[in-house]
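Thanks, everyone. Let me put the model up and walk you through it.

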Amino acid sequence: MGSGTIFKAITKRDLESLLLPWPDEELAAIADGALSPAISTIRRLASANRELAAIRGLLLPKLVTGEIDVSSLDLDSSIGAVP
């Protein structure tokens, strides 16, 4: 399956000819119940990661230029000692 000039590639026809298993409603419900908490956690963590990246984007230039002075802060006690 697949052909290409540089490397083997799958075509639309190849993809459309694939037979994929499809779970019945009971199995789909079981899978949904088992996977929903993990998917919810992934979404929550991804959202938190985006928020932290945005905060970093706002703070980093101000920290680098000295606009925000942190020299008097004890950062180790604020976040806990990192080994």
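One definition before we start: a salt bridge here is a side-chain nitrogen of Lys or Arg within 4 Å of a carboxyl oxygen of Asp or Glu. How many does a search of the whole structure find? One. Glu16 pairs with Lys12, and their closest N and O atoms are 3.9 Å apart. Both sit in helix 1, four residues apart, so about one helical turn separates them. Glu16 is exposed, as is Lys12. Exposed means over 50% relative accessible area, buried under 20%, and partly exposed in between, with a 1.4 Å probe and protein chains only.

Some ground rules. This is a predicted model: local features need pLDDT of at least 70, side-chain atom pairs count only at pLDDT 80 or more, and totals for chains, interfaces and linings use all residues. Residues are numbered from 1 along each chain as its sequence is written, and side-chain values use heavy atoms, leaving out hydrogens and water.

Now confidence. pLDDT is the predictor's confidence in each residue, from 0 to 100. The mean for the protein is 87, and 84% of its residues reach 70 or more.

The fold reads α-α-α along the sequence. That is three helices and zero strands. Helices are DSSP runs of H or I, at least four residues, and strands are runs of E, at least two, numbered from the N terminus.

How much of the protein is buried? Of the 83 residues, 1%. Asp14 is buried, yet has no salt bridge. Asp14 lies in helix 1, residues 12–17. The nearest side chain of opposite charge is Arg13, 7.0 Å away; Lys and Arg count as positive, Asp and Glu as negative, and His and the chain ends are not counted. The Asp14 side chain does make a polar contact with the side chain of Thr11, at 3.1 Å. Such a contact is a pair of N or O atoms within 3.5 Å; within protein, one must be able to donate a hydrogen and the other to accept it, and residues adjacent in sequence count only if both atoms are side-chain atoms.

Last, Val70. It is in the loop between helix 2 and helix 3. Val70 is partly exposed, at 32% relative accessible area.
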